[in-house]
Structures are given as structure tokens and as C-alpha cells.
Amino acid sequence: MKLIRTEDAVGHVLCHDMTQIIPGEFKGARFTKGHVVTEEDIPILLSIGKENLYVWEKTEGMVHENDGAEVLRSLCQNENMKASDTKEGKIELSALVDGLFQVDVERLYAINSVDEVMIATRHTNTRVKPGDKLAGMRVIPLVIDEKRLEEAKAAAGDTPILTLTPWKLKTAGVITTGSEVYKGLIKDSFTPVVEKKLNDVGIQMTEHALCNDDLSMIEEAIGGMREAGVDLICCTGGMSVDPDDKTPGAIKASGTEVVTYGAPTLPGAMLCLGYFKDGTPILGLPGCVMYAKATIFDLLLPRIAAGIPITKADIVSLGHGGLCLGCPECHYPDCPFGK
């Protein structure tokens, strides 16, 4: 591209959009990339402060910002995502389905380490719904050396760096433990909370059992949930290290491979997570899930609902950002908890 006086631009092709702002009336591209400047355009261009214009001068190896943004989009977009029109060299991606949004953070860092390109995303492992904005990308200059784009492609690898996985698990069995609830001495306030959180990620509670604080009884209830074929088993209560809390032992005795008993999050440190050999997850939920707005359950449930296995390393990583600040008015998930 080359810079020329606006008065001399008649017949030349603009190589980028020209934004016009009329307070309270209009903000947008008054002239778009590719527009051939006419005599009538000159006063308008001067009125929006354009005394000089960059016009397209085709140079080998240089790529326009819009085309560069399209390259970056191709490094990001995966199924279940919609791309916006390219506007002033920028493209945004939004969600088409309910599900779990994830970012390959290391590859994102690698791409953004390339000069003159940028990609900004939501946090990884975020629950999203249709229409939610996921990412935005653009090249920084008006034209970019195609070698920069080749560097970005190399950093990205062969697959898109973003994924949006729809909810996969459909059914859950909930086992409520505690002699006081089992004997009807107090109302079960735990199960309704869990059921609502499950519904929020497309999972229906199809099985429910009440158990005394008895290891064999809880283990038998877990076996019943397995026979019923639910996609997820949640055990509520009895998760501390007190001698009369039997739920962690029952989960271990049920034949599951325990990923963790304990998590570096507050609230939610006493969580237990395991998987059966067929991949069915089982959770032991600490009492905080019943009364706290956001806990470890909220951090892990979207990944579980999307059918994505959780490892010990995933649990360990939650320590950075795993402290809920206990704000007087909770704004989760629009807060730093779990991020």
C-alpha cells in the first residue's frame, strides 16, 4: 500500500475500512476495503479527518488485514462455533450450542508470541450457551508479511486451538447420606441443590437413594445406581475425615479408581472424584455444595457433563485461583474463582 493525498485519491482502491462517527447517530464503516474513491467521496473523507489515504499497492508477500484475520480464524474455529463477518480487520467467534468451551492455552500463547498477530479468548473450561462470544482475532497492521502468518500456522499446529463440546451426559443418580436425613429428623436440603446444578448442564436426576451413615449401605446404593445405568453418580454428605463419615470409603470400596480425595479449592476441599472402568464418573460432594454459591462442584461439573475425563493434574491446577473470596454479593461465574 502507499500513502497519498486524499485529493489525489480519485480512482484508487482503499485498502482498509474508513470509520465515521456521528455522535448519537452513527458509528461504523463509511467506506469499506475495496471501495474505489470517487470525486464525491473527497469532501466526506476530509470531513472525517482523512487528509491522506492508504491505497492498495499490490506487493508480493504482503497480506491485507482482512485476509490475515481469516487465517487466524482458521487456526481457532472448530465445530459448534460461528464466525462473524470480517469488520475492520477483526473476526469474532460465538457459540452455536450449550456446552464446554476449552482453549489449548499453550498453543494460544505460542501464536500470540508471533509479532503483529493477536487472538483473545474466554477462559478455558468455561460453560457457554448459544450466542456467547468465544474469541476475537486480528492482525495488528493494515497489511502483514505472509511470513508472520506462516509462523502463526506453525505455532498452532494441525488442529484448531479452540473446542466447544456439547453436553454429553444425560442422567445422574444421587445418593444422599446422613442418619439425620435418613431417619427423617431433618429435611433433605442437599439433593435439590445438586439436582438444579445438574439440570443446568443438561443432566436429569433419574435415580435417588437415601442412606444411613453406613459404609455397606452406601456401597450397595452405588451398586444400584450402576445397575440403573446412570451416566453420573453423586454422593452427598459424609465427606469429612470424621470417623462416622463413610462416603469416601464406600466410593473406594465400590470398585472405582479414585482420582482424588481432596482438592486445592475453598470451598470444596473434601471432594472425592473417581471413575469406574467403563468411564462412569462418581463424585463425593462435601457439605459446602449445599450452602455455598460456588464450589469445586461448579468448577468440575461442566467438564464432567461434556464427557471430558478429569485427571489429578487437572485437580492440582485448580489451586491457582481456587480460593473463593466470599463476596457479599456472589457474581460467579463472572469472578476469579477457579480461573
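How much space lies in the largest pocket? About 930 Å³. The model is predicted: local features need pLDDT of at least 70, side-chain atom pairs count only at pLDDT 80 or more, and totals for chains, interfaces and linings use all residues. Residues are numbered from 1 along each chain as its sequence is written, and side-chain values use heavy atoms, without hydrogens and water.

**View 1. Buried face of helix α4 (residues 146–156).** Seen down the axis of α4, the buried residues fall within an arc of 55 degrees (directions from the axis to the C-beta atoms), so they line one face of the helix. The face turned away from them carries Lys147 and Ala154, both exposed (over 50%).

**View 2. Ends of α4.** After α4 comes Gly157, with a positive phi near 85 degrees.

**View 3. Lining of the largest pocket.** A pocket is an open set of points on a 1 Å grid over the protein atoms alone where a 1.4 Å probe fits, with protein on both sides within 12 Å along at least five of seven lines; lining residues have an atom within 4 Å of a point. Of 28 lining residues, Asn125, Asp298, Leu299, Tyr332 and Gly338 are the closest to the centre.

**View 4. The second largest pocket.** Its space is about 230 Å³. Residues lining this pocket include Asp98, Arg122, Trp167 and Lys339. The largest share of the lining, 3 residues, comes from β10.

Definitions and conventions. Buried means under 20% relative accessible area, exposed over 50%, partly exposed in between (1.4 Å probe, protein chains only). Helices (H or I, at least four residues) and strands (E, at least two) are DSSP runs, numbered from the N terminus. A polar contact is a pair of N or O atoms within 3.5 Å; within protein, one must be able to donate a hydrogen and the other to accept it, and residues adjacent in sequence count only if both atoms are side-chain atoms. Grid points are joined across faces, edges and corners, and a volume is the space filled by probe spheres set on the points.
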